[in-house]
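This briefing concerns salt bridges in a predicted model. Which residues pair, and how exposed are they to their surroundings?

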Amino acid sequence: MDYHMRGQTIKLLSKQQGISITQLADGVMSRSNLSKFINGAQSISKKHFDTILCKLGHGAKRFFPYPITMDDLKIFELRYEINNAIAIEDEETFKQLLTKAEALPAFHTGIHRQTLLRYRAFHLLMAEGNVTAVRELLDKAIKITLPNFNPKLVHTYLLCYDDIKIISLMAQLHFDNGEHDIAIMLLEKLAKSIRDKYVDTHEKARALTFVLYCLSTFLGSQGRYEEAFALCDEAIDAGASERAYSYLSALALNKACFSWKLGRPQNEVRDLFNQAYFGHRIEGKLSTAEEIKEIAQGVLGTKFPSL
């Protein structure tokens, strides 16, 4: 797919959804440059193209999955390695890769900078660093793509996946600071945006499972177990239907804990703990799996797993 065809893809999708070029360009590039791209007069980077597609509710992989230059490839591979280190909870590798990213000039401009700011904020959170510094990093990051960001309007925005991760981290900070209502409001609005605006069903499932996992965790910690349990079911159904498996093991753990709190049958609780335990082991999250084992043994009062 050459850049003219990519431009026509954006033109068609925006027309289908009634989204203006001005809305798409906001926070990503100038309206004139996006118009030139759509009309075949110039190219744009893969990252810009991916972000525009995300704002249209589509996954970039469906249309244009591969890097187009060596610089794109270098960034693509590094982001993949960093995200994988985060997923398997490898803090040391994550720190090393973050240092590598900070040395690349590409990560210090535009929307690549947004990704770097998010990684820095996440790193500070992992290290239990200065909360004020984390807030400042997240605020700078979100305003790269949403210059007039307002937490109360989250459900109205066209969001890319980095935006979703940043807003979720903001919610976590509010929750940790005791501002539970604000945190829950942010995630509820985020979930609404994903449900309403994402068109690509796989990308919708990927984003929704993550946000609903976070939201169910917050609600559960407030004793709202029935609501939290229902959100877990919605997220698991969405993830399983589109093979978006990233948070299914974590959701199974939440369901197990909520089932126990709700006084559900012990065999149901055990099955959910089994799913969570073995799922985390398969994902390589061995320390978390051991924590689940201890929780399950305390809840069930017997050796776990007992298969």
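Glu268 is partly exposed, its relative accessible area being 27%. Its partner in a salt bridge is Arg264, with 3.6 Å between the closest N and O atoms. Arg264 likewise counts as partly exposed, at 27% relative accessibility. In this predicted model, the count of salt bridges comes to 15.

**A pair within one helix**

- Glu92 and Lys95 form a salt bridge in which the closest N and O atoms are 3.7 Å apart.
- Both residues belong to helix 7 (residues 91-102), and because they are three residues apart there, about one helical turn separates them.
- Glu92 has a relative accessibility of 45% and is classed as partly exposed.
- Lys95 is also partly exposed, with 32% relative accessible area.

- A salt bridge joins the side chains of Asp162 and Arg79, at an N to O distance of 3.6 Å.
- Asp162 is part of helix 10 (residues 161-176) and Arg79 is part of helix 6 (residues 70-87), so this pair ties together parts 83 residues apart in sequence.
- Asp162 counts as buried because its relative accessibility is 4%, under the 20% cut-off.
- Arg79 is buried as well, its relative accessible area being 15%.

**A network**

- Asp162 and Arg79 also belong to a network of salt bridges that links them with Lys47 and Arg118.

Definitions and conventions. Residues numbered from 1 in each chain as written. Predicted model: local features only at pLDDT ≥ 70, side-chain atom pairs only at ≥ 80, totals over all residues. Heavy atoms only, no water. Salt bridge = Lys/Arg side-chain N within 4 Å of Asp/Glu carboxyl O. Helix = DSSP H or I, 4+ residues; strand = E, 2+ residues; numbered from the N terminus. Buried < 20%, exposed > 50% of the residue type's maximum accessible area, 1.4 Å probe, protein only.
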